[in-house]
Amino acid sequence: MAEEAKSESRVVRITGRVTDAGGRALADLEVALEATHRSFDIRRLQRAHRDLTRRTTTTNSDGRFQLTWHSNEHFNHFELAVGLPVRIPDGARFFTLERVPLGKRLEGGDLPAIDVVVADTSFLERYRGFVAALDSADERAVYEQMGIPAKIDRMKLATHEEITWWYFE
């Protein structure tokens, strides 16, 4: 019995680095290990992913990350999701930039370092640029309450620039 408990709680270490297509490190991104129980749903006649569990960490300035997972035989499908939490009107959602399927590789113990390349960083650059450009307390307050706008219009006038944030449902 003690041997069974020991084998079920084996700790697996997952390390790696997140970069863009040019090899530049991507810092401050969330890396999530998503574990599910994959089975066949006889009622729907299709594969089903159940019991999603997530372990998260953040990449450092070199784009490196480290996660630990306590193995459990119930979970049989694993993926790494790299992204960032994005404010939206009703809270925040995880915006996925890249996914790496791990399949059942966690069953074998520690994995070799996983290099994740985010091929398209355009959303990340726009999002970080938007957040960095928040100038006033009013802009920050609207962003905190409403999240990132769906569209931004800019109109240059003789004395100033008029900016309108649009939110659509």
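**Note on the predicted model**

1. With a relative accessibility of 3%, T59 counts as buried, and this residue is placed in the loop that lies between β3 (46–58) and β4 (64–70). The structure under discussion is a predicted model, and the remarks below should be read with that in mind.

2. The surroundings of T59 can be described in some detail. Its side chain reaches the backbone nitrogen of D28 at a distance of 3.0 Å.

3. Leaving aside neighbours within four places in sequence, D62 is in contact with R17 and A25.

4. In β7, the residue D115 is the bridge partner of R17, and strand β1 (residues 11–20) is joined to β7 by five bridges, the two strands running parallel. These strands belong to an open sheet of three strands, in the order β4-β1-β7 and with mixed pairing. Because β4 and β7 (114–118) stand at the edges and have a single partner strand each, one side of each is left without a neighbour in the sheet. From one strand to the next, the twist averages 30 degrees.

5. Which residues of helix α2 (residues 122–132) are buried? They are F123, L124, Y127 and F130. Seen down the axis of α2, these buried residues fall within an arc of 135 degrees, and therefore they line one face of the helix. The face turned away from this buried side carries E125 and A132, which are exposed.

6. The packing partners of α2 come from several parts of the chain: its buried residues pack against the strands β5 (77–88) and β6 (91–103), against the helix α3 (137–146), and against the strands β8 (151–156) and β9 (161–166). Of these elements, β8 and β9 run antiparallel and are joined by six bridges, and a hairpin of four residues connects β8 to β9. Within this pair, I152 has W165 in β9 as its bridge partner.

7. Finally, some values for the protein taken as a whole. It has three helices and nine strands, which follow one another along the sequence in the pattern α-β-β-β-β-β-β-β-α-α-β-β. Of the 169 residues in the protein, 33% are buried. Among the contacts with a separation of 6 or more, 57% are accounted for by residues 24 or more positions apart. The accessible surface of the protein comes to about 11000 Å², and 49% of this surface belongs to carbon and sulfur atoms.

Technical notes. Residues numbered from 1 in each chain as written. Predicted model: local features only at pLDDT ≥ 70, side-chain atom pairs only at ≥ 80, totals over all residues. Heavy atoms only, no water. Buried < 20%, exposed > 50% of the residue type's maximum accessible area, 1.4 Å probe, protein only. Arc of directions from axis to C-beta. Contact = heavy atoms within 4.5 Å. Pairing = 2+ DSSP bridges. Areas by Shrake-Rupley, 256 points an atom, 1.4 Å probe, with all protein chains shown as cover. Polar contact = N/O pair within 3.5 Å; in protein donor to acceptor, adjacent residues only side chain to side chain. Axes fitted to C-alpha atoms, helices over the stretch in contact; angles between N-to-C directions.
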